[in-house]
Every structure is written in structure tokens, then in C-alpha cells.
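Open the model in your viewer and keep the sequence panel beside it. The stops below can be selected one after another.

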Amino acid sequence: MKGCQSRGRQALRSGAVIALAALNLFLWWGGAALAQEPLLPPKAEEERAQRKEKLEKQLKKILDEIDELQRAGVPAEGGETPGGAGIVKSRVEPEEPGVAPEMELVDVSIVSNRVQKHPEGISLSATPRSEYDSQPTRHMRESLESLPGVIVRQANGPRDFSISIRGSGVKTTFAIRDIKMYEDGIGQTQSDGLTRMDLHDPWFMESVEVTRGASSSLYDNYALGGMVQFKTRRGRDINGVEAFFSGGSYGYQKYAFAAGQQTKNTDIALFASQVAEDGYINHSGYNTQSLNFNFRIKIDDKQNLYFKAITNWLDAQVPTRLTLSQFASNPRQAGGTGCTTSSCNDALLLAQRRLDRRTIVGGLYERQIDASTVLTVEGDYDVKDINQAFAQISDNINPNWKQYTDLRHDGHLAGMPLKSYVGFFVNNMEQEGQTFANSINGTGTRGVLRQNNRGTIRNIGGRFREELEFAPKWTLAAGLGYEQSMVSVRTTSYTSAGAVNTRANVDRTYDNWAPEMSLTWKPAEGYKHWVRASTGYGIPGFSNLTTNPFTGLAGTNFDLKPQKNLNLEIGTDSKLAKDFSVQLVGYWIFFKNEIISQVVSTTGGTASINADGSEYRGIELSYDWRPWAGWRFSGAYTHVNGTYTNFKDRYLVGGVPTDFVRDGKQVPNVARDVLNFKEAYDHPSGWGGWFETSYWNSYYLNNANTVGAPAYWLMNANIHKNLEFTNSPYHVRFAKFYFEMDNIADKTYVASGNVVADSTADANKTLFFAGYGRAIYAGLTLGF
């Protein structure tokens, strides 16, 4: 197997080297001729320079296409490196600017061009660059839904989506939980498990990699469903300046800018964007700005440094999810069932709004200690400042420091290749929050103070992993992670008159272990089969602990337990033909004390409860077929069957806490079947297009399984055109146009739902947001 891989890579390298040699020979010959003929006419000299530039671009385009074909056609060998210092699959780029790259289709460090192999025995999928190049529109769902096992739903805001992997991450009303997230190796998940996708602009991206299945031995706390790694474009990919303009239905408008360059020892990239929209649903307009800065420097032959800074500002109106009758009568209304003296969920009267800011500044340092050992150190400062008006108005600030140190070694054990990894991490997050009554006057005015809270979450732990190739084509991997989490929360609650009502304090220490083992067999080039047993864990976050378990409003829920799961899977990633690849994975997951967050429709709050036992079984299937030049047929199918095996639901009946047995019921908000098909064609002339079809089966939204979201089909289409200029008077290098129509049939459908508490009758449950109707978008990217 290794010989085949080596020969394949050598062939690719050889082809690239030959092309480079031919190009250099041509340039040398041209230079020699020019030296011999000093009186060469200016026009001929200009034509030779243009020819040189054209050949360089053609070679780079060929290498890019080979890179993408290799990524899609050959089974991926894993995901992000354990410990947050992510790795990507790409080519090794040139040392000198302006020289075409040397091909090396292997895994490359985020920080440098050093080779670092992915972990063995995991389920991995990744989006190609074309997903972002041809449709740089509103959000990440447009590309992530093409991956198997990944389900993305709209939440509270323009780019605020929840992600579900194998049933994890959907028992939440906003943002992302139970999945660990990174961008270019820098952690995006805060110490209480919360991640928001507002930070990630699709126009900035090169690709997204997703590791599926419990992975806490690799990524520690909250990796119950897996890991998502966003990868931005490097300076070498931009190679100048780019400007992007886009507009479309419902008042959508976007302006973005990128500048990047690679030199001998540095790579720098800067992105900025401004996005605004009136919104499809009433009271869902928004305005958001993002900045993303990346700087890589090669200190010397053994040391590399990467610095990253991200920030996002968001001002978004938020509607209330609709009842069944509201959705049937007008799916675009702002929602709400009215207000009383004790509760209110009317979006307009409450002036529901998110005014949030998030900033992350961090870095990765990589040092090669010897030929077989690499040290990586990652640290980042992450601050979230949120001001949100709903049934109550919350002001929270969460400063968070995270640090990881990893050591990797390639060696041998009794003559057998052995890859070893050991890591240590520590992170600390603070919260200072205030919750006020909403004056319900249509302006979101703060009323009486209802709660003060202050808390700290501190996580500290370590992990190790060994991967032993005990026989040719067979690899046994084993890992173990340990983490101690210390949670301290102080709350003071006030009466409606503003007097102190209660003071409550809690100090909890959680010890979690995460073992993992896998066996991988690679019988031939392009074939990989594996079995894996892995575990995940996640402790309660601040929002879980500081809300009442029945009303979902400010209060305490200190009895909430950490959740844990066991993931068993068997999979194959096979290249059945040179142009046809298939990935198929089956899994069975066992949860203990799964945290279920439910919306209380009457108050608009969110309450959390533990389900003692639940199980998820399913399959994930994807294919990639490229039968002819320029054509690509791809698809993904996800099936999930989630069931409660031991669960007593509890809510108020007549003001009294009452238990209801839910054993055997389906876990709500888990889509049982999701399909995505895409047919794409790109012509050498620069014209291209694709047609996409998606299907979602129906699913329940309450624990009693009496109400849910209906099934639906969607169709989207896109055409695009790329132009290159060699001698533009305005110094324009290229122009990329796109035109896209989403929801061609103008289907009314449910874009997302909440798990809704059964304390409210089905007819009054606030269940879901409607998806966008037929929408048209067009845009232009100019490169200088």
C-alpha cells in the first residue's frame, strides 16, 4: 500500500516537476534569446512576458484541479490533528513568490508546509473549493449540506445556524453545542461549549472539514458529535486584492474585500465583509460586519508561527417561531401568541433583537525538535459580548483564554511504524451577566433587574494517542483523554419590585475520561475500511445552569448532570473507479444523561433537563462521480433514528412539577432522512453551472411525539462565468460572475424547529421558522 501511495505521489510530483522544468526551460531560453538580441522590438518582449504569465496561470490551474480531484477522489485519511493544531490536505506551495508550486498531495500543517498525517480510523468529509467559488452567498449551510451526516438548521440570526452530527447538537434553541469547532486550527468553541457561526463568512473560505462521531479523546470537552474545521484562503490563493459585490431578494446586499500575498518566508491574508438584509420573515432584518486576519511566518528551517484575529459585529432582529396555525396562514409573520402579566412571546412587542460582538485573537507556534518530533503550542483569547432582548433582556460578557500544547513523534516499536501523540491543555472562561425584565413597549427597554450572575468554568486535562502499523496495511489506534472541569456560579435573583429574592451559589467539579480505539485496513490504493469505538462528554454550560428548569427564565438549574456518549461505527471509503468514490458508514451511539433543552412557549425561555438514556442509529452515504471532463455528480444521504430508552420528562402541570415517561419515543428535532444531490459542469471557457436537489423527511419537535415538521423537497440552480485578463488597463486580473436561484418551486417549508416543552398545548406551541421563498442572487468578484 505504501509503495502504491509513494509511486502515485512520485508520479504527481514528477509531472509537476516536468511541467516546471519545461516552463523554466522556456523562460531560460527566452531570457538567453533576449540577452543575445538586445534590440528585440518592445512588442515581442511584451508578448513573451504575457506568454510567460499565461503559462504560469495554466500550470497553477492544472495543479489546483489535480489537488481538488485528489481530495475528492481518494479516501481522506482523517480530520484535524488532535489538540486543535489543525491540518489540511493541500499542496506544498513555492518558497519563492511567482514560481509555480511543487505538488505534494499530502497532509500539511496549518502553520507551515510540514507534513502531518491525519489520525487513522475516523469518518471525515470535506467540501471542495468550488463550493465557495461558485456560490459565495449568504451562509455556510449552502456548502455543508452536501456532506454526509451533517445537518444544518437556521437559528437566531443571518449566519447563526445549528449543526447536527449523528443526532448531537439539535437539542438547543440557538448556536451550536455538542460539537467542537475550529478555524485554521484556532478553537472557536468557548469553555462552556457554545459556538456561533456568525464569525464565519463563506466568501473567506477554502474548505470545511468535518470529523463525525464522538471525539473527546482528540478534542476534549463537547466533542460528542465530532469536530468541524473551517479553513480560510491563504495569501498565496489571493495573490493580490479581491473585491466582491452581491445582491438579491429580500433586500440582500453584501460587500467584501480580500488582500493577500505570499513571500519567501511569510503568507498574509486579510478579509473584510459587510452584509445586510431586510429578511424573508417579518422582523428578521440584520446588519453584520466581519474581519479576519491571518499571518504566517517561517522563522527558520525548524520554526514557524501563525497569528490569527477574527471579529464580528451583529445587529439582528429576531422573530418568534410560529405555531401550526400561524405557519399555515402566513409563514412570513413575526410570530408570538400574545402577552399576559406573567409571560410574553410577541416578537414585535418585545422588540426581539441580538446585538452581539465576538473577537478571537490567537496564535500557533510549531517547532521541529528533531527529524521525527514536532512541538505545537496554541493559545487564544476569545471574548463574547452579547446584548439580547427576548422575554427577558440579557447582557453577558464572557472572556475566555484557551491554551494547548502538543507533541508528536514518528518512531518504531519492535520494527513496526508507530505514531505517538501527547497533549496538555488548560482553558478558563468567566461570565458576568445581568438579566432584566422586558418593558414590553415595542422598543426593548430594560425594566427591573431580575438576576445578577457571575461564574467561572476552568478546564484542565491531557491526552495521548498511539497509532501502530502492526502489519502491512493494518493500523491499530488507541487514545485516552482526561479532563477536570471546575464550575463556579454565583446568582442573585430579584423580585418584580426589585428586591432581593434569593441568593444561590454552586461549585461543581467534573472528572471525565474519554477512551478511543480503532482498527483500519487499507487493502489497496484508494480503499480504506475501519471500525471505531470512541467516547464523548460535555458539561453543562452557564446558560443551562442559570435558568429555571420549568420556566426557562432566569433562575438556577444546578442539578443538571454532564452528558456522555459511546460511538460505535464501521465504515469504508473506497475509490471504486478512477472517477468514482463512495463513503459508507454505519453507527450506533449510546447516550447517558443527554442534555435536552426545550422552549417553554408561554414564556419564550429555554429550560434544560437530562434524559437518562437515549440511542442513535444510522448510516451516512456519499458519492463523487466525475465521468467526463468538467462534470461532477455528487450526493449525500443521512439516516438517523434517535430513541429515548430511559427518560422521565418533567414540566409544570397546574403549577406542580409532574413526570412523564418517554421511553420508546423518538428524540425530537432529529431529521430521520436527509438527501442532497448535485450535478455540476464547468467548461474550459469559464462558463459553469450546477443544479441541486435536497430532501428532508418529517420529524417530531416534542418529547410526546405529537407535533412536528413536515417533509419537503427543494431545488436550487446556479450559473457562473470566470474571465481572465492579461493586459487590462485597470489592472484587473480576473472577474467571476454568478447568478443563483434558490427554492425554484417557491416551496413553503420549515427551515428549523425547536424542541418544545409539552407544558403547552400543541396548538399553542411555538415550533418553527419558515425557510426562504424563491430567491435570486447575483454577484461579481474582481481580482487585481
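Is Cys-344 buried or exposed? Select Cys-344: its relative accessibility is 3%, so it counts as buried (buried is under 20% relative accessible area, exposed over 50%, partly exposed in between, with a 1.4 Å probe and protein chains only). Its partner is Cys-339, joined to Cys-344 by a disulfide with an S to S distance of 1.8 Å. Cys-339 counts as partly exposed because its relative accessibility is 33%. A search of the whole structure finds 1 disulfide, the term being used for a pair of cysteine sulfur atoms within 2.5 Å.

Before moving on, note the ground rules. This is a predicted model, in which local features need pLDDT of at least 70 and side-chain atom pairs count only at pLDDT 80 or more, while totals for chains, interfaces and linings use all residues. Residues are numbered from 1 along each chain as its sequence is written, and side-chain values use heavy atoms, with hydrogens and water left out.

Now colour by pLDDT, the predictor's confidence in each residue, from 0 to 100. The chain mean is 86, and 85% of the residues reach 70 or more. Select residues 1-42, where pLDDT is below 50 and the model has 40 contacts beyond near neighbours in sequence (contact means heavy atoms within 4.5 Å). Then select residues 71-106: pLDDT stays under 50 there too, with 166 contacts beyond four places in sequence. Where pLDDT is low, the predicted coordinates should not be read in detail.

Switch to cartoon. The chain has 9 helices and 37 strands, taken as DSSP runs numbered from the N terminus (helices H or I, at least four residues; strands E, at least two). Of its 784 residues, 58% count as buried.

Next, select Leu-144, Ile-163 and Met-197. Within the largest nonpolar core, which has 38 residues, these three touch the most other members. A nonpolar core here is a set of buried Ala, Val, Leu, Ile, Met, Phe, Trp, Tyr and Cys residues joined through side-chain atoms within 4.5 Å. Elements that give two or more residues to this core include β4 (150-154), β5 (161-165) and β37 (775-783). A second, separate core has 19 residues, among them Leu-322, Val-707, Tyr-712 and Tyr-749.

For the rings, select Trp-203, Phe-204, Phe-244, Phe-271 and Tyr-738, which form one aromatic cluster. Rings of Phe, Tyr and Trp (its six-membered ring) pair if their centres lie within 6.5 Å; planes under 30 degrees apart count as stacked, over 60 as edge-to-face and the rest as tilted. The rule is NZ of Lys or CZ of Arg within 6 Å of the ring centre and within 35 degrees of the ring normal. Lys-736 likewise has its charged end over the ring of Phe-734, 5.1 Å from the centre.

Last, select Pro-627, in the loop between β25 (605-625) and β26 (631-646). Leaving aside neighbours within four places in sequence, Pro-627 is in contact with Asp-579 and Phe-633. Phe-633 counts as buried because its relative accessibility is 18%.
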